[in-house]
Amino acid sequence: QVQLVESGGGLVQAGGSLRLSCAASGRSFGSYTMGWFRQDPGKDRDFVAAISWSGSRTFYVDSVKGRFTISRDNAKNTVYLQMNSLKPEDTAVYYCAADPRWTIQDYDYWGQGTQVTVSS
């Protein structure tokens, strides 16, 4: 079992930055692929970024490439999402997720989410 708690969301102006954190508890965090997803009200939850257990492999949805960076600190059981050059369309609830496989969908464990609002 892995428990995930996101933090770092908030209100920011367009062009600004935020860093989301996801603290994990439970066993074997260092062996899990970690992902970030986002969801607008009434829409499906969309993949944003993923990072392999070692941090050597990352993958991003095209709309955030060059603006967002996913990273992890296995010693702190934490994964991060650095978001720069934010746009109003980045507004969503952001969720982190964990899975023992390399995947960009179908994660086993999910956090509760943190709201990110980007004003124009």
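Tutor: Strands here are DSSP runs of E at least two residues long, and helices are runs of H or I of at least four, both numbered from the N terminus. Read along the sequence, that gives β-β-β-β-β-β-β-β-β-β-β, or zero helices and 11 strands. The radius of gyration (taken over C-alpha atoms) is 13 Å, close to the 14 Å that the globule rule (2.2 Å times the number of residues to the power 0.38) gives for 120 residues, so the protein is as compact as a globular protein of that length. The C-alpha trace spans about 40 × 30 × 25 Å along its principal axes.

A word on the ground rules: this is a predicted model, so local features need pLDDT of at least 70 and side-chain atom pairs count only at pLDDT 80 or more, while totals for chains, interfaces and linings use all residues. Residues are numbered from 1 along each chain as its sequence is written, and side-chain values use heavy atoms, with hydrogens and water left out.

Now for your core. Buried residues (under 20% relative accessible area with a 1.4 Å probe, protein chains only; exposed is over 50%, partly exposed in between) make up 42% of the 120. A nonpolar core is a set of buried Ala, Val, Leu, Ile, Met, Phe, Trp, Tyr and Cys residues joined through side-chain atoms within 4.5 Å. The largest one has 29 residues, and Leu4, Met34, Trp36, Leu81, Met83 and Tyr94 touch the most other members. β1 (2-7), β3 (18-26), β4 (33-39), β5 (45-51), β7 (68-73), β8 (78-83), β9 and β11 (114-119) each give two or more residues to this core.

Now move to Leu86, in the loop between β8 and β9. Leu86 counts as buried because its relative accessibility is 2%. Leaving out neighbours within four places again, Leu86 is in contact with Val12, Ala14, Gly15, Gly16, Ser17, Leu18, Arg67, Phe68 and Val118. As for the chain overall, 57% of contacts between residues at least 6 apart in sequence join residues at least 24 apart.

Technical notes:
Contact means heavy atoms within 4.5 Å.
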